Amino acid sequence: MQEKIGTVKVQGVDKLKQAIKVNRKWLGAIGYAVIGFIMANSSIFDGISPFGVALAAALGGTSAIAAALGAVVGYIFSATMTANMKYVAAALLVAAVKWLFGKNRGGTLGPNLAIRQSAFSAVVTALFALLVSSGAVLLSKDFTLYDLVLTLAEITLACGATYFFSRATNSLKVGWNGAS
């Protein structure tokens, strides 16, 4: 009798492993969306929080879109929603760039315009998105030298975080694929 219970238990574990293996892409996307939400609510200095944008820029494919959507939701539901609208715009720009120029399936705009996912392209994507959104906010008002320095620090921080996230996720992929 105990042997059957043990066999059923092993079969249940095998079914769970099979379900995880089949749905790995979706589970990963959900995980990156949750991490994007958490990163969007991480702020330093004078309330700057470019980490959700940095994470989305560092990832590729479906993971980038999921992280960007999670970051958008995180920025919208944060305590300083109006101040974070520039990050919402930046995260949506990152998602648009990743979707239009992503290497998966040759890129939406065609294989000739597809960008290979690398740490450099991730940093350039974050730089572009935050230059556009933070620059628009900065130029829409009378800004001081402090505002300019804070914006440049924010963009530099985002690019550094993007590089770190890109290298870290690449190391995780190599480690997981090497272990299998």
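The buried residues of helix 3 are Phe51, Gly52, Val53, Ala54, Leu55, Ala56, Ala57 and Ala58. In this predicted model, 8 of the 8 residues of helix 3 are buried, so the helix is largely enclosed by the rest of the structure. Helix 3 also has the highest mean pLDDT among the elements of the protein chain, at 94, whereas helix 1 (residues 2–22) has the lowest, at 65. Over the protein chain the average pLDDT is 82, and 83% of the residues score at least 70.

The protein chain contains 7 helices and 0 strands. Read from the N terminus, the order of its elements is α-α-α-α-α-α-α. Of the 180 residues in the chain, 36% count as buried. Among contacts between residues at least 6 apart in sequence, 67% join residues at least 24 apart.

Helix 2 takes part in two of the helix contacts described here, with helix 3 and with helix 4. The axes of helix 2 (residues 24–40) and helix 3 (residues 51–58) come within 7 Å and cross at roughly 150°. On the side of helix 2, the contact involves Tyr32, Ile35, Gly36, Met39 and Ala40, while helix 3 contributes Phe51, Gly52 and Leu55. By class, the residues of this contact comprise 6 nonpolar, 2 polar and no charged.

The axes of helix 2 and helix 4 likewise come within 7 Å, but cross at roughly 35°. This crossing of helix 2 and helix 4 is right-handed. From helix 2, the residues that make the contact are Lys25, Ala29, Tyr32, Ala33, Gly36, Phe37 and Ala40. Those from helix 4 are Thr62, Ser63, Ala66, Ala67, Gly70, Ala71, Val73, Gly74 and Tyr75. The contact of helix 2 with helix 4 has 10 nonpolar, 5 polar and 1 charged residues.

Aromatic rings were examined next. A pair of aromatic rings is described by the distance of the centres and the angle of the planes. A search of the whole structure finds 2 aromatic pairs. In one of them, the rings of tyrosine 75 and tyrosine 87 have their centres 5.2 Å apart and their planes at 25°. Planes under 30 degrees apart count as stacked, so the pair of tyrosine 75 and tyrosine 87 is a stacked one. Tyrosine 75 lies in helix 4 (residues 61–76) and tyrosine 87 in helix 5 (residues 85–101), so the pair ties together parts that are 12 residues apart in sequence. Both tyrosine 75 and tyrosine 87 are buried.

Tyr87 is also among the residues touched by glutamate 154, which is placed in helix 7 (residues 145–179). Glutamate 154 has 1% relative accessibility and therefore counts as buried. Leaving out residues up to four places away in sequence, glutamate 154 touches Ile48, Pro50, Lys86, Tyr87 and Ser134. Lys86 is in turn touched by serine 133, a residue of helix 6 (residues 119–139). With 7% relative accessibility, serine 133 counts as buried. Apart from residues up to four places away in sequence, serine 133 touches Lys86, Ala89 and Ala90.

Three further residues are partly exposed. Valine 137, in helix 6, counts as partly exposed because its relative accessibility is 34%. The C-alpha atoms of valine 137 and threonine 151 are separated by 9.7 Å, and the two residues are 14 residues apart along the chain. Alanine 96 lies in helix 5 and, at 32% relative accessibility, counts as partly exposed. Between the C-alpha atoms of alanine 96 and isoleucine 65, which are 31 residues apart along the chain, the separation is 8.4 Å.

Glutamine 117 is found in the loop between helix 5 and helix 6. At 33% relative accessibility, glutamine 117 counts as partly exposed. Its C-alpha atom is separated by 9.8 Å from that of phenylalanine 101, a residue 16 residues apart from glutamine 117 along the chain. When neighbours within four places in sequence are left aside, glutamine 117 is in contact with Ala57, Ala58, Leu59, Gly60, Lys98 and Ala122. Of these, Ala57 and Ala58 are included in the buried residues of helix 3.

Conventions
Residues numbered from 1 in each chain as written. Predicted model: local features only at pLDDT ≥ 70, side-chain atom pairs only at ≥ 80, totals over all residues. Heavy atoms only, no water. Phe/Tyr/Trp six-rings, centres within 6.5 Å; stacked < 30°, edge-to-face > 60°. Helix = DSSP H or I, 4+ residues; strand = E, 2+ residues; numbered from the N terminus. Buried < 20%, exposed > 50% of the residue type's maximum accessible area, 1.4 Å probe, protein only. Contact = heavy atoms within 4.5 Å. Axes fitted to C-alpha atoms, helices over the stretch in contact; angles between N-to-C directions. Nonpolar A, V, L, I, M, F, W, Y, C, P; charged D, E, K, R; others polar. pLDDT = per-residue confidence, 0-100. Left-handed = near helix turned anticlockwise from the far one by under 90°.
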